[in-house]
Amino acid sequence: MTIKNKLRTGIGFLFVLALICCGLSVYFLNRLSADAGVILKDNYKTLQFGQNILDAIDGNTGLITTKQFADIDKNLALQQHNVTEPGEQQLTDSLTAVYQTIKLNNKDAAKEVILISQARHLVYGIMRLNMAAISHKNDVASDTAKRANVLVAISAFLLFTIAFTFAVNFPGYIADPLKELTARIRDVSNRNYHQQIDFKSDDEFGELGQAFNTMTRKLDEYENSNLASILFEKKRIETIINTMQDAIVGLDEKQFIIFANEVACNLIGMSTEQLTGAYAPDVALENDLLRNLLITDQPKLKIFADNRESFYSRESLSVSSKNKVIGKVIILKNITEYQQLDEAKTNFIATISHELKTPISSIKMSLKLLEDDRIGEVNTEQRQLLENIDDDARRLLQITGELLDMAQVETGKLQLNFGSTHPKNIVEYAVKAIKFIADQKQVSIKVKCDDSLPQVHADLDKTTWVLINLLSNAIKYSHEKSVVELVVKKHKSDEIEFSVQDHGKGIEDQYLSRLFERYFKVPNATAEQTGTGLGLAIAKDFIEAQSGHIGVDSEIGAGSRFAFTLKRAV
């Protein structure tokens, strides 16, 4: 069965369903008209109750008997529970009151005649009220049924027209483009790649036509290319990759493995034939190394190979063509030798720094004793020498402290004591610690930190050290009698920002990206301004270890602004 016939069958079925639905609607609307009469039964019952009351009253010419009272009581009670129309309750209550009076004056024939006349008048009033309601409701129900029939008929006609139009036109809309596409595909199968389809629409057929045209152009380009040259270049590249000492794995955009050199195969533990053409995520399910290569972003990996632990650096390079990523290459470089040298260097620095702190601290203690007048007086020249020695000892102690902190970071032994504290506590500690240096240079520190700020989740000592370092640098690069601004504010919904702004000469743009590198010093800085080049690097490690960020903005002649963020306490 063709697509057109399938569509026509389906639409015809829908059309039949629509007719059935319309027929059922007409049927039930007629039932509604018939059922409307049922609603009027309550009014008809009231008429029956009224007639029964009248019959009981007019049962004889004398006084009302006990049996007549019983009939009236019964029908009056039924009427009390069948009040449906506006004003009917008042008439019923009046009738009840008159009836009660009749019962009380049953011995007085003259008065009973008058009361019976009043009761008869009220009964007639109730009956007239319900007869009018019956007439009105019947008219409303009839009008409603007539309107419903007209509306259903109009709806059925519209539905029939739409379904008929749809059944005639839509199959061709679907089948004609498919028919044209089939003809073009037959031509392409005969290596005629100059076929083009022009579907003038913005729907799926338009996208299908564009995709088909792109495919034919690519096939034509491939047909006209020098296949032998491509294969030669491919072979040469594979040879070069296999001779490299680094492990190299190539993936396409769908994560299928295109190639893997011998070094990579040895590390992964699979042959080239097993890896080439395999879907990388499937292989990674049973291979830990490949799984780590696919999902990790760590630049350094520890791999057990050749019966020993080795360290490799991981690089991932995206391969693009015409601004579209078509794959990536993963490179593993063996850096075991460099890692060992780096660890040796770090251990050496940590050992030397630790050993130097004790004699330097002893020197500072001795200096304090020499400055005490109880030990003995010193002349001006000697005091100047003591001050110089004290400055040098303080500088050496600072350098050894920074080297120890850097050794902790490099060896991964950095210990953080997290807690919740208000930003004002960090600010007060830092400003108090740096106040002496600021006063010496006559630099004032302007603090803006609202008490309404939320608490932060941080290591108080490490964060205070970072803020002291930033304030110290700001004071160094500020002019005398200038202002350093320390601002604490909300950065994001879950972060607090600490910023230090100085108004010094600023830093050139070419050096901004390297400020947080270890041992980097800004050129052309004075001897008083330069340090070890470790302070900002350590600050960056401290802040990032607390899930924060640190950065700098600077403008020549306007000063620099260093800022870092911390997470809000939960």
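**View 1. An open sheet of 5 strands has mixed pairing and the strand order 7-9-10-12-11.** Strands are DSSP runs (E, at least two residues) and helices are likewise DSSP runs (H or I, at least four residues), numbered from the N terminus; two strands pair if DSSP finds at least two bridges between them. Strand 7 (444-449) and strand 11 (550-555) form the edges, each pairing on one side only. On average, neighbouring strands of this sheet are turned by 20 degrees against each other, direction ignored. The model is predicted: local features need pLDDT of at least 70, side-chain atom pairs count only at pLDDT 80 or more, and totals for chains, interfaces and linings use all residues. Residues are numbered from 1 along each chain as its sequence is written, and side-chain values use heavy atoms, with hydrogens and water left out.

**View 2. Strand 10 (residues 495-501) and strand 12 (residues 559-567) run antiparallel.** The two strands are joined by 7 bridges. Gln501 has Arg561 of strand 12 as its bridge partner.

**View 3. Helix 14 (residues 423-440) lies across strand 7, strand 9 (483-492), strand 10 and strand 12.** Helix 14 runs at about 175 degrees to strand 7; angles run from 0 to 180 degrees between N-to-C directions, and axes are lines fitted to C-alpha atoms, for helices over the stretch in contact. Contact means heavy atoms within 4.5 Å. Helix 15 (residues 460-476) also lies across strand 7, strand 9, strand 10 and strand 12, and runs at about 175 degrees to strand 12.

**View 4. Helix 3 (residues 66-80) and helix 4 (residues 88-104) pack with their axes 11 Å apart.** Their packing angle is about 160 degrees, and the two helices are therefore roughly antiparallel (angles over 145 degrees).

How values were computed. Angles under 35 degrees count as roughly parallel, over 145 as roughly antiparallel, 65 to 115 as roughly perpendicular and the rest as oblique.
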